[in-house]
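Dear colleague,

I am passing on the structure we talked about, and below it you will find my notes on what turned up when I went through it. Please read them with the coordinates open beside you.

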Amino acid sequence: MPGTVLLLAASPVGKGCLVDAASVLPVLAAVAPPVLSGTDTANVVELADPLEPQAVLTRLRAAATAPGPLTMFLTGQLQLDRRQRLPHLALARTTPATVRYTAFPWRWIADELRLRPPGSTTVFVDLHADAGAWEFLAGRPLTAGRSTELYGRVAPPPPRRTVAQPAYMRAVATLLRSGHRPHPAELHQQALTRASGEEGARRGAADLVLAPGRSWAGQPWPPAPEFTTVTAPPAEFATVTAPPPGFASVTASPRPPVPSQAPPAAAPAPPPVPPATPPAPPVSVPGRTERRACAPSPDPHGEITAAVRDGRHEDALALVARWEREALRTHGRGSEQVLHWMEVRADLAMLAGDAERSCRGWLALAVTRLDAGQAPGAPEVESAVDRAHHQWGRVADPARARELGSELARLRQRVPGRREGALDHVRRQLSQLQTQA
């Protein structure tokens, strides 16, 4: 099966540039596509200094949905959104004041790669961080999703008026030009050695080194679901969200591409739990704990992905409902496991084109998070409401749109979100719908 390779180099134009990201593309482009991907044949997509986040999202989404292995080579700089305090990949037009609007949210990468099967996605990165992003990363690891093998480094800000070179990615490209593609972990180590030799005299903080299950800059980190190898089941389900680029109106025409939040079919199996609370109802046999024959399979994500790709959306939703009920029985309402499956269910409805069911799912998820004690300004709560708002704009039936709009308006009073005028937008659309009744 052919592989897919995405080459992405991005950095701002002008004095905000920290790294000459595009300089590595000619070296990578000189590598034979099969060597880049590790497959007999491969399709290569190249993005050099893109201007718009949506352009990057479109290419990433196409690569993520392509069959076969996916390898990404990403070079650029990270900047922190001053308002939401989240890292973004800076693009050509990005400035410190416009990160939210002109840069590519890093979380969208994990969001788009969640459907991919385990072991099929490898990402190599060579990133330089601005001061805000560097401080942010000191408290948490950078990830690309639980089923993605992420290798590379994040370098601290270079000295003022200095543009750094992507030494790590250049080393990766140089090694691959030999025509031999070692295992990603081996390639990563060889590239680090070569890059550290080239930058041996560089002053300042040590790079943050990215590799599955490894430590950063010599400091061990607690195991994290997105940071362990794909063969190690995560401790719990993590929720990765990405706010939609905008809201569609109720009578709206085609919406802009929105980063889908699809079920992590590529993720490892659900976490093991203590024998006292097995993940499936036990059979009453003294001294033994067994799974019933009708219990959900150990890894539902592959089945969900297959059902979605085959167009069997109802089957996928039924499977998710079984796991949601089991999570509710085992962990209780408001647990991360239940919230995870609620999120998957809402997203599957969106993939099936059922905007009404998707909207209801996101509304229910937001209310459940609030009832569980999460703050109205929490990113996960705001994202759920934003997604409900966006799906509401695609509900065609006026009566259902009025019903859901009333619920959304009540929720918007508690969770106004970070886009100005969201509540006013709902009220205006509801007013229009009332005139149509």
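Predicted model: local features only at pLDDT ≥ 70, side-chain atom pairs only at ≥ 80, totals over all residues.

From its first C-alpha to its last, H12 reaches 24 Å, which is close to the 24 Å expected at 1.5 Å a residue. Just after H12, glycine 373 takes a positive phi of about 100°.

An α-helix has 3.6 residues a turn, so residues three or four places apart point the same way.

**Other salt bridges**

The count for the structure comes to 17 salt bridges. One of them joins the side chains of glutamate 52 and arginine 93, at 2.6 Å from N to O. Glutamate 52 lies in the loop between strand S2 (42–48) and helix H3 (53–65), and arginine 93 in the loop between strand S4 (87–89) and helix H4 (99–102), so this pair ties together parts that are 41 residues apart in sequence. Both partners are partly exposed, glutamate 52 at 38% relative accessibility and arginine 93 at 47%.

A further pair is formed by glutamate 326 and arginine 329, whose closest N and O atoms are 2.6 Å apart. Both residues lie in helix H10 (residues 313–331), 3 residues apart, or about one turn of the helix. Here glutamate 326 is buried, at 9% relative accessibility, while arginine 329 is partly exposed at 46%. Beyond these pairs, Asp111, Arg114, Glu343 and Arg387 are linked in a network of salt bridges.

**Strand S6 and its neighbours**

In strand S6 (residues 121–129), 9 of the 9 residues are buried, so the strand is largely enclosed by the rest of the structure. Both of its faces are covered, with Thr121, Val123, Val125, Leu127 and Ala129 buried on one side and Thr122, Phe124, Asp126 and His128 buried on the other. Strand S3 (residues 70–80) runs parallel to S6 and is joined to it by 9 bridges; within this pairing, glutamine 77 has histidine 128 of S6 as its bridge partner. S6 is also joined by 7 bridges to strand S7 (residues 149–155), again in parallel, and here phenylalanine 124 stands opposite tyrosine 151 in S7. Together, S6, helix H6 (residues 131–137) and S7 make a right-handed β-α-β unit.

**Cysteines**

How many disulfides does the structure hold? The number is 0.

With best regards

Technical notes
Residues numbered from 1 in each chain as written. Heavy atoms only, no water. Salt bridge = Lys/Arg side-chain N within 4 Å of Asp/Glu carboxyl O. Helix = DSSP H or I, 4+ residues; strand = E, 2+ residues; numbered from the N terminus. Buried < 20%, exposed > 50% of the residue type's maximum accessible area, 1.4 Å probe, protein only. Expected span 1.5 Å × (residues − 1). Disulfide = S-S within 2.5 Å. Pairing = 2+ DSSP bridges. Right-handed = clockwise from strand over helix to strand, strands pointing away.
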